[in-house]
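Please read the following report alongside the sequence and the model.

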Amino acid sequence: MFSSQLWQLIKVQLLYVNPQNTKKARDNGKTGRQLFQALIQQYIIVGVIFTVMFGFLLLTINFAHHPAMFTSMVGLFSIIGLSQSVNTINNVFFESKDLKDYLPLPFNQWAIYLAKFSVIAMTILPTALPVWLLFMITGVQSGHPIPFGFTVGTLLFVVYYILLFLVCTIVVFSFAQTKFFQRHEKMMTFVLNVVSMLAMGVAILVINTTNDQLGMAGAIPGLLQMQQILINPLGKTSLITMAVMVIGIICLILVMQKWLLPRMLVIDASAGKPVRRKPRRPHHNGGMDRQFIRYNLGLLKNPTLLTQSFSMTMFPLFFIFVSLFLNGGFSLANLTAKYAGAMFVAGVGVSFMTINTGSVISVFISLERENLSFIRSLPIDFKHYLSLKFKLIVGIQTIVLIILAVVFGIFAKMVWLNIIGLVLGVVWGNILSSAFCFTRDWQLLDLNWTNVTQLFNRGSGNFMIGIIMLGVLVAGGIVVGIYMGLLSSYPALIINPIATVLVVVASGLAVRHYLNYWRNMKIN
């Protein structure tokens, strides 16, 4: 009976782990057993990709003789595992909000928890498989027979994996039970997802650095003892380390069982109850515009919306920036002020690549759902309302892009005139790209969506985003390269005015097009 309940609960919880993959499989006609198999196959594919991708790198290093490299690899893969588990735990325990739904049903409480934890462990496992491979390789490189090295490596991996899983779960659960998290649950969920995403990106970049750079760092205490277990499994240090890890697992399980899990059920059961808030002071001088601004800011308090938009817009940009500065060799200090125009064009390209069909502004009108029809029925200028929405989101994006541009300029050691050119470029590019995305959202307006992913998938979805980013990256790189080449060969007093005229003409045509579109747009 218990095993049957557990198996059925695992199938249900698997749907919550990655709602996007579940929806995609359903859209492809997968249901029941086929849907379950499709989701399992995705995790198998991810595990194979991770193992093959990093397996060749691991085979090139003798970890038995390089403890610093061993501990660095274990630490970096642990960060990736922790990052993946944060998002998974959030989806299974907090986004699903289903614990209270099981209360009236004849389910064993521990079967529910065990099903959730089994699915979380299954999701994290593919990203942890390289650690298993690392342990087995190190065991064999230590001179042990292959079967013995594989056995010791597998046993250590099981203990390590359980410990990693419990540590992350307890940290997330403990944070989720604080009053601060419960008061700002949506924003904290977004912050956790973004931090985990950034940590995973940085870890993957560091893993792809050279072996010498990994070896320059000192061995990490705690992880170094794990290497000793693989080299000398029966040594005193190895036995003590293994005993400490096992005792740690037992203590963490008791903390989960006696303290955290019972409180999670109480929190989930009270999730639907109204929260007592301090009365807000009335805004006597608010006006309709201020009311609309507060309302539209409320539309942005959606962790799924913000996380998906960040992953499709800012994260690739962050990934590129980190890869440039990771080795400390990237610098634009040799570019004089005459290249400010080229930096402006580069800034426009960065905005085009960032503010794409995966950005918030590309779905900002459709986020209204049925409220948009109500607002259109009000005795207000609806075009003025849309203009207000456009200015609000463009302003928010402008602040973010300016911060990124200034930080990039400082790290790249650019002269201040070039930084100003870059900032002006991202601001102007943001306005032009936002006009395109905002207009596209109106043309593809969808007010009947159930998941925000549906909005991002309109009009070719992720394929369109990839094409735009790749096209802008290639075309923008060519244009900036030609511009800088001309500045190096000819006087800036000739090239910059010509470039200014071209930019003004192209921008003027774009602005005129969108102004005419919205001016002639029929609301009804």
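Helices (H or I, at least four residues) and strands (E, at least two) are DSSP runs, numbered from the N terminus. The model is a predicted one, in which local features need pLDDT of at least 70 and side-chain atom pairs count only at pLDDT 80 or more, while totals for chains, interfaces and linings use all residues. Residues are numbered from 1 along each chain as its sequence is written, and side-chain values use heavy atoms, with hydrogens and water left out.

**The chain as a whole**

The chain holds 21 helices and 0 strands. It has 524 residues, of which 44% count as buried; buried means under 20% relative accessible area, exposed over 50%, and partly exposed in between (1.4 Å probe, protein chains only). Contact means heavy atoms within 4.5 Å. Among contacts with a separation of 6 or more, 84% are between residues 24 or more positions apart.

**Helix H10 and its two partners**

Two packed helices are described by the angle between their axes and the distance between the axes. Axes are lines fitted to C-alpha atoms, for helices over the stretch in contact, and angles run from 0 to 180 degrees between N-to-C directions. Angles under 35 degrees count as roughly parallel, over 145 as roughly antiparallel, 65 to 115 as roughly perpendicular and the rest as oblique. A crossing is left-handed if the near helix is turned anticlockwise from the far one by less than a right angle, and right-handed if clockwise.

Helix H6 (residues 146-176) and helix H10 (residues 223-231) have axes that come within 9 Å and cross at roughly 150 degrees. H6 and H10 are therefore roughly antiparallel to each other, and their crossing is right-handed. On the H6 side the contact is made by Val-152, Gly-153, Leu-156 and Tyr-160, and on the H10 side by Met-226, Ile-229 and Leu-230. These residues divide into 6 nonpolar, 1 polar and no charged. Here Ala, Val, Leu, Ile, Met, Phe, Trp, Tyr, Cys and Pro count as nonpolar, Asp, Glu, Lys and Arg as charged, and the others, Gly among them, as polar.

The axes of H5 and H10 come within 8 Å and cross at roughly 50 degrees, so H5 and H10 are oblique to each other. This crossing is right-handed. Phe-135, Thr-138 and Gly-139 of H5 meet Met-226, Gln-227 and Leu-230 of H10. By class, the contact of H5 with H10 has 3 nonpolar, 3 polar and no charged residues.

**Aromatic rings**

Rings of Phe, Tyr and Trp (its six-membered ring) pair if their centres lie within 6.5 Å; planes under 30 degrees apart count as stacked, over 60 as edge-to-face and the rest as tilted. The whole structure has 13 aromatic pairs. One of them is the edge-to-face pair of Phe-135 and Tyr-160, with 5.7 Å centre to centre and 80 degrees between the planes. This pair links distant parts of the chain, since Phe-135 is in helix H5 (residues 109-141) and Tyr-160 is in helix H6, 25 residues apart. Both Phe-135 and Tyr-160 are buried.

Elsewhere, ring pairs join Phe-292, Phe-382, Tyr-385, Phe-390, Phe-438, Trp-442, Tyr-517 and Trp-518 into a cluster. Trp-442 is located in helix H18 (residues 416-443). Apart from its neighbours within four places in sequence, Trp-442 is in contact with Ile-365, Leu-372, Arg-376, Phe-382, Leu-386, Tyr-517, Trp-518 and Met-521. Trp-442 and Phe-364 are 78 residues apart in sequence and 9.2 Å apart in space, C-alpha to C-alpha.

Thr-439 also lies in helix H18. With neighbours within four places in sequence set aside, Thr-439 is in contact with Tyr-514, Tyr-517 and Trp-518.

**Single residues**

| Residue | Relative accessible area | Class |
|---|---|---|
| Thr-439 | 3% | buried |
| Trp-442 | 12% | buried |
| Arg-369 | 29% | partly exposed |
| Gln-257 | 34% | partly exposed |
| Lys-413 | 52% | exposed |

Gln-257 belongs to helix H11 (residues 236-269).

Most residues other than glycine have a negative phi. Arg-369, in the loop between helix H15 (340-354) and helix H16 (371-377), has a positive phi near 55 degrees. Lys-413, in the loop between helix H17 (382-411) and H18, has a positive phi near 60 degrees.
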